Amino acid sequence: MSLKTSMFAGYRGVQLGAISLAAGLMLATPAYANLELMSEVDARGAEELRFASFEQWRDEFRSYAKSQGVSEVTLASSFDNIRYRERVIELDRYQPEFVRPIWQYLDSAVSDTRVSNGREKLESHRQTAAEMQSRFGVPAEIIVAIWGIESNYGSNFGDFSTLESLATLAFDGRRRDFARGELLAALRIIDEGDITAERMKGSWAGAMGHTQFIPSSFEAYAVDGDNDGHRDIWGSIPDVMASTANYLAKANWQPGEPWGREVVLPENFDYAQTERRSTREWASQGVRAVSGELPNFDSAAIIVPAGAQGPAFLVGPNFRSILRYNNATSYALAVATLGDAIAGRPGISQDWPRDEAPLTRDDVRSLQQRLNAAGYSVGTPDGIMGPNTQSGLRAFQRDQGLTPDGFATQSLLERLR
């Protein structure tokens with residue numbers, strides 16, 4: 001397949017949560033991964049070839065973007081001189097050795113400092129937050145919590161050029177079709193006058209501004225909160241808050257409902273249950289709130305992010321709305337509990353199993369391989385604990401007479417070996 005054919009096989013529009021791109025880009029092996037094995041002369045030649053190829057790719061993408069309606073003015077002023085960014089590919093290739101336990105993630109995401117700063121930010125922007133809460137039905141503390149988790153309240157939303165990051169990933173990254181679609185969306189945003197290319201900054205993976213929208217999410221959900229004619233999630237806090245609240249509202253946020261509640265499960269609880277049930281049905285099984293009453297949900301799930309030895313939660317529709325922003329239980333729980341803390345509500349009371357040693361990605365891959373070999377089909381081993389792996393692990397635990405909570409541990413890996 002020619003370079004042009006492979007790069008322009010077709011744009012597939014993808015709407016994902018604001019920071020999904022960063023997690024999803026770690027999927028395949030990029031080109032030129034072995035430069036360190038070459039001689040200095042060969043490596044220099046390979047680099048020259050890469051940059052020459054990038055310039056060719058850029059010229060071809062320019063023609064494609066123009067055919068899709070991006071103006072000549074925008075292409076000439078914003079796209080023609082973008083650079084290939086080696087650092088973006090280095091970060092795209094990076095995968096941490098260890099799978100971070102959820103309690104370590106929450107320790108950082110919901111730290112005392114972040115809670116204190118969140119209360120200060122809410123106080124500083126209380127009128128704006130209250131306006132957005134009234135307009136979209138999303139609580140002010142949840143809006144501020146997402147702001148805190150995504151960019152530490154704007155102190156760290158990245159200084160990469162969004163166009164250069166996405167162009168580099170579209171040319172040489174692990175999800176090139178996806179990055180190409182986001183690059184086209186970024187050019188449309190500039191073309192429409194919401195932001196200049198110079199101010200369009202964000203993470204290496206293309207997530208932008210205070211609350212880290214990817215370009216397609218910006219197009220779908222960004223709102224002009226201060227009525228100045230521009231949607232500016234880089235410099236306007238009203239726009240940041242309005243856009244965040246609108247995203248959750250469009251994700252079916254239910255005004256007036258809590259996200260969920262920490263619960264105590266009965267000793268004979270069946271952890272293999274994955275269905276959503278009403279609060280009344282869960283209560284009939286012996287589920288009770290750690291404190292106070294259970295929220296009245298028509299459809300709720302029980303989650304145990306660290307297995308039967310850790311805290312349990314009854315989560316409703318608004319927890320699922322947060323998952324639409326970023327489809328990771330740890331992220332949604334961080335937003336929910338940070339929001340609670342900012343509002344002065346109590347945090348998680350049950351202990352996490354902190355003595356459990358974390359699994360490496362190789363450990364998880366070995367776990368997946370051995371589950372497959374034992375007949376519990378979990379898909380291609382990739383070192384990521386996704387829903388298929390957890391389902392297969394629960395089936396293995398059940399067949400072994402263990403609590404089927406789907407929580408991977410070193411002892412379970414040893415048992416599979």
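**Group meeting: a first tour of the model**

Let's start with one residue. Tyr153 is buried, at 5% relative accessibility. Buried here means under 20% relative accessible area; over 50% is exposed, and in between is partly exposed, using a 1.4 Å probe and protein chains only.

A word on the source. This is a predicted model, where local features need pLDDT of at least 70 and side-chain atom pairs need pLDDT 80 or more, while totals for chains, interfaces and linings use all residues. Residues are numbered from 1 along each chain as its sequence is written, and side-chain values use heavy atoms, with hydrogens and water left out.

Back to Tyr153. What kind of aromatic pair do Trp147 and Tyr153 form? Theirs is edge-to-face, with 5.8 Å centre to centre and 80 degrees between the planes. Trp147 is buried too, at 2% relative accessibility. For the rule: rings of Phe, Tyr and Trp (its six-membered ring) pair if their centres lie within 6.5 Å; planes under 30 degrees apart are stacked, over 60 edge-to-face, and the rest tilted.

Now the overall picture. The protein chain has 417 residues, and 52% of them count as buried. Its secondary structure comes to 19 helices and six strands. These are DSSP runs numbered from the N terminus: helices are H or I, at least four residues, and strands are E, at least two. Take the contacts in the chain with a separation of 6 or more: 68% of them are between residues 24 or more positions apart. Contact means heavy atoms within 4.5 Å.

The structure holds 21 aromatic pairs. One of them joins Trp103 and Trp352. That pair is tilted, 6.4 Å centre to centre, with 35 degrees between the planes. Trp103 lies in helix α6, and Trp352 lies in the loop between α16 and α17, so the pair ties together parts 249 residues apart in sequence. Trp103 is buried at 5%, and Trp352 is buried at 12%.

Ring pairs also build a cluster. Its members are Phe54, Trp57, Phe61, Tyr64, Phe79, Tyr84 and Phe171.

The charged end of Arg175 sits over Phe178, 4.4 Å from the ring centre. Arg277 does this over Trp282, at 5.5 Å. The test is NZ of Lys or CZ of Arg within 6 Å of the ring centre and within 35 degrees of the ring normal.

Next, the cores. In soluble globular proteins, nonpolar side chains tend to be buried together. A nonpolar core here is a set of buried Ala, Val, Leu, Ile, Met, Phe, Trp, Tyr and Cys residues joined through side-chain atoms within 4.5 Å. The largest has 90 residues, and Trp57, Phe61, Leu163 and Met200 have the most contacts inside it. Helix α16 gives the most to this core, with nine residues. A second, separate core has 14 residues, including Phe269, Trp282, Phe297 and Val304.

Now helix α5, residues 86–93. Which of its residues are buried? They are Val88, Ile89, Leu91 and Asp92. Seen down the axis, the buried residues fall within an arc of 160 degrees, so they line one face of α5. The arc is taken from the directions from the helix axis to the C-beta atoms. Among the elements covering them are β1 and α10.

On to the sheet. It is open, with four strands in the order β4-β3-β6-β5 and antiparallel pairing. β4 and β5 stand at the edges with a single partner strand each, so one side of each has no neighbour in the sheet. Two strands pair if DSSP finds at least two bridges between them. Four bridges join β3 to β6. Arg261 stands opposite Leu314 in β6, and Glu262 has Phe313 as its bridge partner there. Two bridges join β3 to β4, where Val263 stands opposite Ala289.

Ile303 lies in strand β5 and is buried, at 16%. Beyond four places in sequence, Ile303 contacts Pro311, Ala312, Phe313, Val315, Phe319 and Thr329. Its C-alpha atom is 8.7 Å from that of Thr274, which is 29 residues away along the chain.

Last, Ser321, in helix α15. Ser321 is buried at 1%. Residues up to four places away aside, Ser321 touches Leu248, Ala251, Asn252 and Trp253.
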